[in-house]
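Subject: Structure handover

Hello,

Here is the structure I promised to pass on. Please open it beside this email as you read.

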Amino acid sequence: MKSLVQLVLIDGGIVLLTSAMAVQTPATWVAPKEADALNNPVKDDAAATKAGKDLYATYCTACHGAKGKGNGPAAAALTPKPSDHTSAKVQSQTDGALYWKITNGHPPMASYKGALNDKQRWELVNYIRDLGKTQAKKK
């Protein structure tokens, strides 16, 4: 566990606040267990996957790249680096975990809860799955 230290200005004085908290790095960014139970309502829907591809081009390629490798034009400036959506690490996560991560974000990744509706976020999950299948075919 790491500590969080904050300086707060109260009535002209500085107060030092510390608290123990778990800090998740990209290597440990894990969705809560409840997310694993979420069911993808558009799983195996080709039209939803196509819609997800279009959304991915708009919202995800700047950081994750057109092929999902985490090498988009903005990736170089980001810490931590964007995930490789074709990797076994990403592909081994449940649909619910991926949906939860898209919904909630984790800096520098934005939350897409306000920008995309539920169906659109599930469509992105479908397309991320498709990226993994495409990578597997190339091996």
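Below are notes on the pocket, the cysteines and the salt bridges.

This is a predicted model: local features need pLDDT of at least 70, side-chain atom pairs count only at pLDDT 80 or more, and totals for chains, interfaces and linings use all residues. Residues are numbered from 1 along each chain as its sequence is written, and side-chain values use heavy atoms, with hydrogens and water left out.

**The pocket**

A pocket is an open set of points on a 1 Å grid over the protein atoms alone, where a 1.4 Å probe fits, with protein on both sides within 12 Å along at least five of seven lines. The largest pocket holds about 750 Å³ of space. This volume is the space filled by probe spheres set on the points, which are joined across faces, edges and corners. The lining has 36 residues, and the closest to the centre are Trp29, His64, Ser83, Lys101 and Met109. Lining residues have an atom within 4 Å of a point.

Helix α5 gives the most to this lining, with four residues. Helices are DSSP runs (H or I, at least four residues), numbered from the N terminus. By type, the lining splits into 23 nonpolar, seven polar and six charged residues. Here Ala, Val, Leu, Ile, Met, Phe, Trp, Tyr, Cys and Pro count as nonpolar, Asp, Glu, Lys and Arg as charged, and the others, Gly among them, as polar.

**The cysteines**

Cys60 is buried, at 11% relative accessibility, while Cys63 is partly exposed, at 26%. Buried means under 20% relative accessible area, exposed over 50%, and partly exposed in between (1.4 Å probe, protein chains only).

**The salt bridges**

There are four salt bridges. Each is a side-chain nitrogen of Lys or Arg within 4 Å of a carboxyl oxygen of Asp or Glu.

- Arg129 pairs with Asp95, at 2.7 Å between the closest N and O atoms. This pair links distant parts of the chain, α6 and α5, 34 residues apart. Arg129 is buried at 16%, and Asp95 is buried at 11%.
- Arg121 pairs with Asp118 at 2.5 Å, N to O. They sit three residues apart in α6, so about one helical turn separates them.

Best wishes

Technical notes
Helices (H or I, at least four residues) and strands (E, at least two) are DSSP runs, numbered from the N terminus.
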